[in-house]
Amino acid sequence: MIPMRALLTCAALCGAAPALAEGLPDFKEGDFTVKDYVFKSGESLPEVKIHYRTAGTLRRDAAGGAVNAVLLLQGNTGTGANWLRQSLADELYGPGQPLDAGQYFLIMPDALGRGGSSKPSDGLRAKFPHYRYHDMVDLQHRLVIDGLGINHLRLVLGSSLGCMHGWMWAELYPDMMDAMVGLSCQPVQISGRNWIMRRAAAEAIRHDPDWKDGNYDKPPSHYIYSAAGASVMTESPARIQEMAPTREAADALYEKRVAEAAKRDANDALYALESIMDYDPEPGLDRIKAKVLLINTEGDVANPPELGTVERGMKRVKDGRYVLIPTSDKTHGHFTHYYATVWKPYLAELLQALGPMKAAAK
């Protein structure tokens, strides 16, 4: 959720995802294109592409409504393939597991600005429209409705960035889902330390001597050194200490993070950081009709439980539950959302509470 997640490498993920995908039934990838798209800012593009993955078989009731669709929304970096990480896939999609791919139809889009979806680094660079969260959610919605022909979702499950998008989905399309589960976020405007860290990361890019207003001749590189140091804030201090128990190991980890940061396009990173500016779900929380489950973790620097902001927001949710997972040897700070073994029992409870899915048409 916080900007230093930009340093999370997708190298291991990108290598493992294809192999994990092979084990999912009817796994497919595709692109959905929206023509003449107008962003909330008034800027427009002749076409915007959203890349996505699906697994499982979509089932419909006698009236044609989808009964088993699950939308999985990614975190701030990587792609929708984040949901194919071993620590998620091995715990969620197998027979009898909470999101058994033999029973559910799973949808994993790449968020706008990431992966195979349209982004500044595709060619427009600083001329790419300055998208915001409402644009991102609107394009996800168009993918589901127009691209996949799905008018109802059993579940929206999002982590970090995807968690925030989940709140927006539940408010903007209150009749479209049975449940929303969010991991590692808050249902309130980003402010305080969280926003200051984001602002600092954005300013580090803008003040890089090679920036040139986004029209750089060579990739800006100075900002990556501070970003690499800040990246360790997102993980549990205990897990970082395990990875770097000596000064030499810490130096090696830092140098690895610098190398990872250097692989990201600076325009993509800046646009992603600032896309959050319109996120403020709190005023509309009472519009939500879906059953809601929010799961955060102690030790999450992006969502410190002592703020009381989550409790304030959850009071306005008609059918909501908030779970705060205590720190343990299995938690990873903000990144606990990547480790389903920690939180999947709560997901299973919620799905059980929804009752059986509607019967599919014969």
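In this predicted model, a disulfide joins C163 to C185, with an S to S distance of 2.0 Å. The count of disulfides comes to one. A disulfide is a covalent bond between the sulfur atoms of two cysteines. The torsion about the S-S bond of C163 and C185 is about -55°, so this disulfide is left-handed. The pair links distant parts of the chain, 22 residues apart. C163 lies in helix α4, whereas C185 sits in the loop between β6 (177-183) and α5 (192-206). Both cysteines, C163 and C185, are buried.

Helix α4 (residues 161-172) also packs against another helix. Its axis and that of helix α3 (residues 133-147) come within 10 Å. The two axes cross at roughly 70°. Helices α3 and α4 are therefore roughly perpendicular to each other. On the α3 side, the contact is made by Y133, H134, M136, V137, Q140, H141 and V144. On the α4 side, L161, M164, H165, M168, W169 and L172 take part. Nine residues of this contact are nonpolar and four are polar. None is charged.

The axes of α5 and helix α9 (residues 266-274) come within 10 Å and cross at roughly 150°. The cut-off for roughly antiparallel is over 145 degrees, and α5 and α9 are therefore roughly antiparallel to each other. The crossing of α5 past α9 is left-handed. R198, A201, A202, I205 and R206 of α5 meet A266, A269, L270, L273 and E274 of α9. The residues of this contact comprise seven nonpolar and three charged, with no polar ones.

Technical notes. Residues numbered from 1 in each chain as written. Predicted model: local features only at pLDDT ≥ 70, side-chain atom pairs only at ≥ 80, totals over all residues. Heavy atoms only, no water. Axes fitted to C-alpha atoms, helices over the stretch in contact; angles between N-to-C directions. Helix = DSSP H or I, 4+ residues; strand = E, 2+ residues; numbered from the N terminus. Parallel < 35°, antiparallel > 145°, perpendicular 65-115°, else oblique. Contact = heavy atoms within 4.5 Å. Nonpolar A, V, L, I, M, F, W, Y, C, P; charged D, E, K, R; others polar. Disulfide = S-S within 2.5 Å. Buried < 20%, exposed > 50% of the residue type's maximum accessible area, 1.4 Å probe, protein only. Left-handed = near helix turned anticlockwise from the far one by under 90°.
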